[in-house]
Amino acid sequence: MNSRIGLIAANTFREAVRDRVLYNLIAFALLMSGASILVGQISIDIERLVVVNLGLTAVSLFGIVIAIFIGIGLVSKEIDRRTLYTVLSRPVRRWEFIVGKFVGLAGTLVVNTFFMAIGVFGALLYVAHHFQASDKWLLVALYFIVLQFLIITSLALLFSSFSSPLMSAVFAFSMFVVGTFAEDLRGFAGMATGVARWLATGAAYLVPNFSALNVISSVAHEQPVSGHLMLYNTAYALIYTTMAICGAVLIFERRNLK
Amino acid sequence: MKPSQKTTVIATTVLLLCMAASVLLLFRIDRLRSNATLEEVLYISSPKALKRMSLGYDGLLADIYWTRAVQYFGAKHHAGAKSYNLLAPLLQITTTLDPHLIVAYQYGGNFLAPEPPNGSGMPQAAVDLVKYGIKHNPEDWRLYYQLGFIYYMELHDYQHAAEAFARGAQVPGAHPFLRILAGQMADKSGNRQTARMMWATTFETTNDKSIKYNAAAHLRALQAEDEVTALETLVARYRETTGHPPASFAEMNAAEWLHGIPVDPLGHPYKLTPDGHVELAVPDDFPFVTRGLPPDFVPPEAPRVLPTD
Amino acid sequence: MAAIEILGLEKTYAVGFWRKRPKCALRPLHLTVEEGEIFGFLGPNGAGKTTTLKMLMGLVFPSGGTAKILGMKIGDPRMQAQIGFLPEQPYFYDYLTARELLEYFAGLSGVPAKERSSRAAEMLVRVGLKDAGDVQLRKFSKGMLQRVGIAQAILHQPKVVFFDEPMSGLDPMGRREVRDLMDQLRQEGRTVFFSTHILSDAEALCDRVAIINLGELQGVGAVADLTSSVENNVEIIWQGTSIPQSLRALGAECHVAGDTVRAIVREANQDAAIEALRRERARLISVVPVRTSLEDYFVQKLKPAEAAAGVRR
């Protein structure tokens, strides 16, 4: 069983690596890191601030785009192109297929983030000439960004298991936007009344909590990140991802592949 | 072949467990981060830049920051906080993003200016905020009123208050009280009558619940103060006339000096002390009152939930 | 033990956006395929062949009925390890090379890691793609993809192989190769179940066939039996230029070519025809039974159903 998931994951990784779009997006992200150096030079004091803000934001946004872009094709493309038939007629369980696809894409994103992070650290070194102790918090910010990727990938996979590539992309991106304001949504839910309150509360707790995973501006100001937050965020990301994957498994298990 | 039952059962169970767990984690995380999102406000050195970055969605972003401001102040006030250092930046960002959000200026006028725990204690910031509002909304009389309000209530700057009210009174559709208030600024002692008029105007001219609530509390306090003063005067005259202080209001009622037992605006009977002072039965219910308090009274740490008017 | 047992498999789809109307793709089907035979599943396009295959592969869930392959239920991984499937007009991951695809699928089918590359190489040779092993599949022609498809279906030595329109897109050479390969599979003791609408292939290869149309089974049996159930004809050739009246009376089809006449009469009228010619003192050249083709059987079987369906529609 595990070897099959591993095979599917490895193949998904291979597919992503050979997809040219990926390289374009990574190149863009690196470009942004480079551009941040120029932008920072406008004001001497805030070079470091700009590099961190712009660099990490680029990593985050481009990573989300990659995650959604490749994620939506995970299942819907395979059904469209009928490559799935010869896979599922083999002794591969449907849930193994879903999990394998997820692991493969998650691995791709971690590797991506690694390369994009090198760009950010490179730019930082260039403007600051040396690293300082507080730079270690950047790693935490990047770790949180990877957690965001895991969540959005699992959502893209979930949507991909029942809708077309285009709609999956729209849904996944919407969830990203709403999730960024999840804390505000919960605040709004607390102030609302009646039906709106119930709906808002339901939505506010179901939507992925990206707001807590975004520590870019505080890290840019050299603020530390609490250990408790790291723990809770990790647990939350893993649990949420599992939730979405279970949903994908349940849907895909029932799907007639016409 | 049917979908595998084992898979269905396991996946459904795990899904439900995860849902529950994620909600519990969110409670934890929210508590941990209760101010983190807001503190980022301090890092936004330039609200104008934020407006540019919002790519035209500044209205929505203004609403989000407004919601945050209200939540921030409401939550902290409820917990009896002593400082609200984020309120000013939050309101500044809100109004930069949407200069026409009048309620934000009203909020600032009511809660930026007063001393903690009822406000940020930053009256000058409040003045600046409302002046910014006037610049962008010169035809809205409510902002002139708000400006005059701050000058009068917190800064005791009667001249500027008079000017603000006068300018406001000239705006078409202004509340008739503005002209009266402009005139009354001449009475520099700051009497209760003027204050009552202003709080009544505030109460009537806003839709924001917290502002109305606050105004109502002020009005009740003023009414209680008036009643305490009137009762104490009556008690003093009774003593002069009869030669001894009244033992209770019941005695005064029997002697037809009063009709019924006097009650405060919340319906509790006033207390009469042996030395002729009148006290509120439950002083905690009147957060702004300055008369009718027992000598050893200590205001409560956190504001209590009061009945709304 | 039968290789494939189909017990009342049926499929009805709900069609339409607002008011869902049921559309029956396959009426309850009962079919048995023995081990070691090549079984043809014939029918025109849209008859329900692919639906049946997809249900057997576990890709589509049946509305009713069950099936067993090698005595095991559909979807049983132990069974799936022993079957191979080639879908219609297959498409594979175009970013992989042929070799990579075969090694990947070998792994998924449970072939041990150390054997995967040798097995893949073996298959490439067997289907005639020896030199194309390291070319990306996106550069493959339709015929090459079909070969890769066959390779992935048999590389794990399955006991039963399912092909959906295996000849589609192949030129005559390719079709001959596929036919030879299917024959080889039979000689290796494997069972082959394939669907097609090309009857000549079925005729040449199959031990038994089933004919399906509009979701319903029309007939099952050995090819010879099926064709013999149709009226047989006899072809009579004699020297001459004219056609005797008596022969025309028998309803013979006659054709004059040079100085010979060729007539086709029903077998029942064979003696009467010969007698008529003898009276005319015609010189008989040959009397040969004409084998009905599967096509005739096919058309005959399908015609009443089509007509009935037309009335119903």
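Guide: C:Arg281 is exposed, because 7 other C-beta atoms lie within 10 Å. A residue counts as buried with 20 or more other C-beta atoms within 10 Å of its own, as exposed with 12 or fewer, and as partly exposed in between, the C-beta atoms being placed from the backbone. The model is predicted, so local features need pLDDT of at least 70 and side-chain atom pairs count only at pLDDT 80 or more, while totals for chains, interfaces and linings use all residues. Residues are numbered from 1 along each chain as its sequence is written, and chains are lettered from A and ligands numbered from 1 in the order in which they are written.

The backbone at C:Arg281 has a positive phi, near 60 degrees, although the residue is not glycine. Most residues other than glycine have a negative phi. C:Arg281 sits in the loop that runs between helix H10 (270-279) and strand E14 (283-290) of chain C. Helices (H or I, at least four residues) and strands (E, at least two) are DSSP runs, numbered from the N terminus.

B:Glu256 counts as exposed because it has 7 C-beta neighbours inside 10 Å.

Chain C contains 11 helices and 14 strands. Its 313 residues are 41% buried, and its C-alpha atoms fill a box of roughly 80 × 55 × 40 Å along the principal axes. Two residues are in contact if their C-beta atoms, placed from the backbone, lie within 7 Å. Of the contacts in chain C with a separation of 6 or more, 70% join residues 24 or more positions apart. Chain C splits into domain 1 (4-228) and domain 2 (231-290), with bounds from an automatic or database domain assignment. The centres of these two domains of chain C, taken over C-alpha atoms, are separated by 46 Å.

Chain C meets chain A: 22 residues of chain C are in contact with 19 residues of chain A. On the chain A side, helix H1 (2-17) and helix H4 (84-88) of chain A are the elements that give two or more residues. That side has seven nonpolar, five polar and seven charged residues. Here Ala, Val, Leu, Ile, Met, Phe, Trp, Tyr, Cys and Pro count as nonpolar, Asp, Glu, Lys and Arg as charged, and the others, Gly among them, as polar.

Chain A also touches chain B, in a contact that takes 31 residues from chain A and 27 residues from chain B. Helix H8 (182-191), helix H10 (216-220) and helix H11 (227-253) of chain A each supply at least two residues of the chain A side. H11(A) gives the largest share, 15 residues. By class, the side of chain A that touches chain B has 15 nonpolar, 11 polar and five charged residues. The mean pLDDT (the predictor's confidence in each residue, from 0 to 100) in chain A is highest in H11(A), at 94, and lowest in helix H2 (residues 20-40) of chain A, at 75.

Of the residues of chain B, 34% count as buried. Helix H8 (residues 141-153) of chain B is largely enclosed by the rest of the structure, because 13 of its 13 residues are buried.

Chain B is divided into domain 1 (41-208) and domain 2 (213-285), whose C-alpha centres lie 35 Å apart. Each of the two domains of chain B gives eight residues to the contact between them. On the domain 1 side, helix H11 (residues 192-204) of chain B provides the largest share, seven residues.
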